[in-house]
Amino acid sequence: MEATASNLEIKLTQLRMNLEKTDSVIDGNNLEAIERHQETLKTISAKVNYMRLEVEAIKLAAGKDATEIEAWNASVDEKLQQADKEIGKVRKWLEERKRETEVTAKQERIKFEEELQKMKLHVKLTYCVQALQTLGKLEQVNGAVSMTLEKLPGIRGDLVRTDPEWENWDFSKLSEAIRLWLRRNPSDSNNTADRELIEQ
């Protein structure tokens, strides 16, 4: 589009129409639409600024009064400042959305790691119990059950809540309690192979 005064007015009208859409686009809460709107505002604003400079040069070359040109420039600048304000509003929304996404991802990662540790603990405990049973030495280490429970502060209360005799547990009882707890507290992040091993 040629940089003429009339074409610049068309671009300014286009800019105004898109500025009026900002709130409704943000309210739509659609990330792609909001990013696209931001790019649209930036593109039109850049084009308006370029055409403004070209038209200004044409006016100067035609010997127009400098005061008149400055007043005209101020009018265009005001519209560009409005665009900058709306672009800033969109940018703020996008930054907040990014922060929320990062926080959610971090929480999911922590949850996954916690669940993974629980699964690994149970798999390891089950393996050790079975090995000690095979060797006939399980009775020799059953006294360490209470120490093992102390290392599970996050789920200890859940494990022992339904059994008043928990202080007399051996490792077989503890292993079974953890297996049942995992069944009651499933997680999508649990590894299928590990879960199959636990169920055996």
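**Close-up views of a predicted model**

Figure 1. By residue class, four nonpolar, one polar and five charged residues make up the lining of the largest pocket. The residues concerned are D158, L159, T162, D163, W169, K173, E176, A177, L180 and R184. Two elements, α7 (156–160) and α8 (171–184), each give two or more residues to this lining. Helix α8 provides the largest share, with five residues. The space in the largest pocket amounts to about 160 Å³.

**Figure 2. Salt bridge between D158 and R161.** The closest N and O atoms of D158 and R161 are 2.9 Å apart. D158 is partly exposed because its relative accessibility is 29%, whereas R161 counts as exposed at 59%. D158 is also one of the residues that line the largest pocket.

**Figure 3. Salt bridge between D77 and R52, linking distant parts of the chain.** The closest N and O atoms of this pair lie 2.7 Å apart. D77, at 29% relative accessibility, counts as partly exposed. The structure holds five salt bridges, among them the pair shown here.

**Figure 4. Salt bridge between K89 and E86 within helix α4.** The closest N and O atoms of K89 and E86 are 3.5 Å apart. The two residues are three positions apart in helix α4, so about one helical turn separates them. E86 is buried, with a relative accessible area of 12%, and K89 is partly exposed, with a relative accessible area of 33%. Through salt bridges that share partners, E86 and K89 are joined with D23 into one network.

**Figure 5. The buried face of helix α1.** The buried residues in α1 are N7, L8, K11, L12, L15, N18 and L19. Viewed down the axis of α1, these buried residues fall within an arc of 145°, and they therefore line one face of the helix.

Technical notes:
Residues are numbered from 1 along each chain as its sequence is written. This is a predicted model: local features need pLDDT of at least 70, side-chain atom pairs count only at pLDDT 80 or more; totals for chains, interfaces and linings use all residues. Side-chain values use heavy atoms; hydrogens and water are left out. Buried means under 20% relative accessible area, exposed over 50%, partly exposed in between (1.4 Å probe, protein chains only). Helices (H or I, at least four residues) and strands (E, at least two) are DSSP runs, numbered from the N terminus. The arc is that of the directions from the helix axis to the C-beta atoms. On a 1 Å grid over the protein atoms alone, a cavity is a set of points where a 1.4 Å probe fits but cannot get out, and a pocket is an open set with protein on both sides within 12 Å along at least five of seven lines; lining residues have an atom within 4 Å of a point. Grid points are joined across faces, edges and corners, and a volume is the space filled by probe spheres set on the points. Ala, Val, Leu, Ile, Met, Phe, Trp, Tyr, Cys and Pro count as nonpolar, Asp, Glu, Lys and Arg as charged, and the others, Gly among them, as polar. A salt bridge is a side-chain nitrogen of Lys or Arg within 4 Å of a carboxyl oxygen of Asp or Glu.
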